[in-house]
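Thanks for sending this one over.

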Amino acid sequence: MNPPIIEQIFFIYFFISLSFLSLSVIISKNIMHSTFFLLIFLLHVAALFLFLNAEFLMVIQIIVYVGGVLALFVFAIMVMNIKEEFRHKKFVKFAGAGLITGFLFFIGIYLFIKGARTPQETLPPVDVNLIGRLLYSYYLLPFEILSLVLLVALVGGIIIAKKLPREEK
């Protein structure tokens, strides 16, 4: 049975908007604009999860990525001296390797999607209460280790951002 026309319209909207936003994140010269596009992109992904009846993933997407990771990005951008980093252009020599890696990544995604089945065929129904109980009982130690890893990443980012300015030659 074909999906209703309204679902097809939403999928086309998400496809176009997510494609445009992902390109805008990469192409934008201003890093704050790029971060803003990333925020909108992550919110669209959360909306897509809601559209697919994956409410738990939507909430996790908003809490972890939009709330946590993106706030960390903004904090790191505010602390770092971005103009100094762009002036040296030390990453330009890796542009070819980045393009090849991106091309291989998209080929891998295409091959993965080509053979994918719908979630209704493979997964049992998800109980959000059960996932929450498991996270705070059986998986408490890995959950806390993950929070420590994120804390170490935050401290490392601050240390890198606080490096002493280079001396003028």
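1. Y139 has a relative accessible area of 39% and is therefore partly exposed; the cut-offs are under 20% for buried, over 50% for exposed and partly exposed in between, with a 1.4 Å probe and protein chains only. Y138 reaches 61% relative accessibility, so it counts as exposed.

2. A word on what you are looking at: this is a predicted model, in which local features need pLDDT of at least 70 and side-chain atom pairs count only at pLDDT 80 or more, while totals for chains, interfaces and linings use all residues. Residues are numbered from 1 along each chain as its sequence is written, and side-chain values use heavy atoms, with hydrogens and water left out.

3. Now the overall picture. The chain has eight helices and zero strands, where helices (H or I, at least four residues) and strands (E, at least two) are DSSP runs numbered from the N terminus. Buried residues account for 12% of its 169 residues. The accessible surface is about 14100 Å², and carbon and sulfur atoms own 75% of that; the areas come from the Shrake-Rupley method with a 1.4 Å probe, and for residues only the protein chains shown count as cover. Taking contacts between residues at least 6 apart in sequence, 60% join residues at least 24 apart, a contact being heavy atoms within 4.5 Å.

4. Which aromatic residues form one cluster? They are F10, F11, Y13, F14 and F51. Rings of Phe, Tyr and Trp (its six-membered ring) pair if their centres lie within 6.5 Å; planes under 30 degrees apart are stacked, over 60 edge-to-face, and the rest tilted. By this rule the count is eight aromatic pairs. One of them joins F14 and F51, a tilted pair at 6.3 Å centre to centre with 50° between the planes. F14 sits in helix α1 (residues 5–27) and F51 in helix α2 (residues 31–51), so this pair ties together parts 37 residues apart in sequence. F14 is buried because its relative accessibility is 7%, whereas F51, at 25%, is partly exposed. Y138 and Y139 also pair, edge-to-face, at 4.9 Å centre to centre and 85° between the planes.

5. Next, helix α2. Its 21 residues reach 30 Å from first C-alpha to last, close to the 30 Å expected at 1.5 Å a residue; the expected span is 1.5 Å times one less than the number of residues. The buried residues of α2 are S34, T35, L38, L42, H44, V45, A46 and L48, and what covers them includes α1 and α3. Leaving aside residues up to four places away in sequence, T35 touches L70, V74 and I77.

6. What follows α2? The helix gives way to N53, whose phi is positive. N53 is in the loop between α2 and α3, and has a phi of about 60° although it is not a glycine. Most residues other than glycine have a negative phi, which makes this a spot worth a look. N53 counts as exposed because its relative accessibility is 59%.

7. Helix α3 (residues 55–79) has 25 residues, so it should span 36 Å at 1.5 Å a residue; the end C-alpha atoms are 34 Å apart, which agrees. Where is the kink in α3 centred? It is centred on Q61 and comes to about 25°, the bend being the angle between axes fitted to the seven residues ending at a residue and the seven starting there. Q61 is also buried, as are M58, V66, L70 and I77.

8. Two C-alpha separations to check on screen. G67, in helix α3, is partly exposed because its relative accessibility is 44%; its C-alpha lies 9.5 Å from that of L39, 28 residues away along the chain. N129 belongs to helix α7 (residues 128–135) and, at 53% relative accessibility, counts as exposed.
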